Amino acid sequence: MLYFFSNFLGGIGKKFLDFVANIGHFFIFFVSAISWMLKPPWYFKKIFQQTLDIGYFSLPVVGLTTFFSGMVLALQTYNGFTEFNSETTVARVVLTSITRELGPVLTGLMVAGRVGAKMAAEIATMKVTEQIDALGTLGTRPMQYLIAPKIIAAIICIPLLVLIGNTIGILGGYVIAIYKLNFNPNLYLYATIEYLQLMDIIQGIVKAAIFGLIISMVSCYFGYNATKGAEGVGFATTSSVVISSVLILTSTYIITALFFG
Amino acid sequence: MKKKVYRKSIIKVSDLYKSFNNNIVLKNINFELLEGESLAIIGESGSGKSVLLKNIIGLLKPDRGSIKIDNTEMVNLQRNSKEEILLRLGITFQHGALFDSLKNWENIIFKIANQDKMNKKEGKKLAFAIIKQLGLKPEILDLYPSEISGGMQKRVAIARAICGNPKILLFDEPTSGLDPVTGSLIDKLIKTAVKTIGGSAITITHDMASVCRIADKVILIDKQTISWSGTPREMFVSENTKIQEFIKPINSEIFFK
């Protein structure tokens, strides 16, 4: 009994120590990646390729998600506010929800799933097939050549994606409001413009940039530290998506509390 | 009387120890690679040959010991200085380690292109000149590594290693997975590279025929340490049981006639 109990406690202790060690490794990786990001040479071709991959090729998935979210939001808000002045309320709720939360969070989650998984899988495969080792022996610094362009591109692209996603989400709400709920288009547009706050947009962009940092950093970290062949690649990919998503949802609360708390 | 020629030490490994999680992989490793010399490292799978190579090129840090390349101590050397030395080396990894996202010609000239910016035409021309020696067709230059066979990938990896004529060549199983004709071609190339550019090479291999063709000196890693060293000819008269197991399938007369 005592043996079982001490084993159980030992197991918990080991897990905790592993967790603390992982946090420490991640912090070292984070600082190292940021420092390499700021040092020349910058691989502009790689940054451009990543910008295309993260930004341009994520547009369809981000556009669809935010468009339908705007539509659902308009419908649900209308159902709840039919007895009040729903034309302005629906516009206001759609606008505020999209610009403050749904736009950045949905974009972040979609990019984490699409791009984060790809980044982690790509780097993990390079790691387990010795390509990263080979890079280091060919006069190139892997952190600078592989990781830094991904982080730079993610920090630039995700805010832009959020701005586009916000516009499409608001458009989704507008389509439902006008064509299904038969609102007056001028009144709806007027209400949307009237309630548009610069601070909401800035907050969304700040969130998006932080999400970009989280997604790229977490994905690259898990990819860069992958071991054990194909199994390691799978683990890195899953972990990067799960951890990025959790951190996105956690950090969105913290940022909202900082801006509006 | 034959005049004794002084040859410079290119790589010197002294008293090297390496372990992973208290599991000793290498202990008391001592050897020297001289200028113009071709050294083969043999040993069973898992005996630590690749670990030794990774220690030499700084991908792993030894627990203790010294590694000197061109008389520069590599252990604990600053990153910039280490990178400068690594640029003088041509290295192939066990599984090729070609970059999936780059075409074969971009892989071959990767190191040179990083040092001296060159345009696509110049790069392809240089890559073509190298693959010609390796019996590869120019059509593969515009393909990605995943679009060519494993044997071709191996040759592209060798082309990447010898691009820029490095004076020190390190090959990790360069002929494994290749047909005997191509394997022999690679051996000739290693030999030519060592002879013509006055370079030195370390080759890790299980292929004893290859050892006989390319090596001036052989070391055997067994039970975590160097258990035998000598010339390829000496292998055939050695009483070391492990060496005898290795050379059993080989007919020495074919190679030393």
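Which residues is I190(B) in contact with, leaving aside its neighbours within four places in sequence? I began my notebook with that, keeping in mind that this is a predicted model.

**Entry 1: one residue.** I looked up I190(B) and found contacts with S38(B), L169(B), F171(B), A201(B), T203(B) and I214(B), once neighbours within four places in sequence were set aside.

**Entry 2: the core.** Next I turned to the largest nonpolar core, which has 142 residues. I met I190(B) again here, among the residues that touch the most other members, together with V94(A), I41(B), L169(B) and L170(B). I then checked which element gives the most to this core, and it is helix α4 (residues 86-128) of chain A, with 22 residues. Both domain 1 (1-69 + 166-257) and domain 2 (89-164) of chain B give residues as well, so the core lies between them.

**Entry 3: the two domains of chain B.** How far apart do the C-alpha centres of domain 1 and domain 2 of chain B lie? I read off 25 Å. I also found 18 residues of domain 1 in contact with 16 residues of domain 2 in chain B. On the domain 1 side, β7 (168-172) and α7 (180-196) of chain B each supply at least two of the touching residues. Sorted by class, that side has 12 nonpolar, 3 polar and 3 charged residues.

**Entry 4: between the chains.** Last, I looked at where chain A meets chain B: 10 residues of chain A are in contact with 15 residues of chain B. On the chain A side I noted 2 nonpolar, 6 polar and 2 charged residues.

Notes:
Residues are numbered from 1 along each chain as its sequence is written. Chains are lettered from A and ligands numbered from 1 in the order in which they are written. This is a predicted model: local features need pLDDT of at least 70, side-chain atom pairs count only at pLDDT 80 or more; totals for chains, interfaces and linings use all residues. Two residues are in contact if their C-beta atoms, placed from the backbone, lie within 7 Å. Ala, Val, Leu, Ile, Met, Phe, Trp, Tyr, Cys and Pro count as nonpolar, Asp, Glu, Lys and Arg as charged, and the others, Gly among them, as polar. A nonpolar core is a set of buried Ala, Val, Leu, Ile, Met, Phe, Trp, Tyr and Cys residues joined through C-beta atoms within 7 Å. A residue is buried if 20 or more other C-beta atoms lie within 10 Å of its own, exposed if 12 or fewer, and partly exposed in between; C-beta atoms are placed from the backbone. Helices (H or I, at least four residues) and strands (E, at least two) are DSSP runs, numbered from the N terminus. Domain bounds come from an automatic or database domain assignment.
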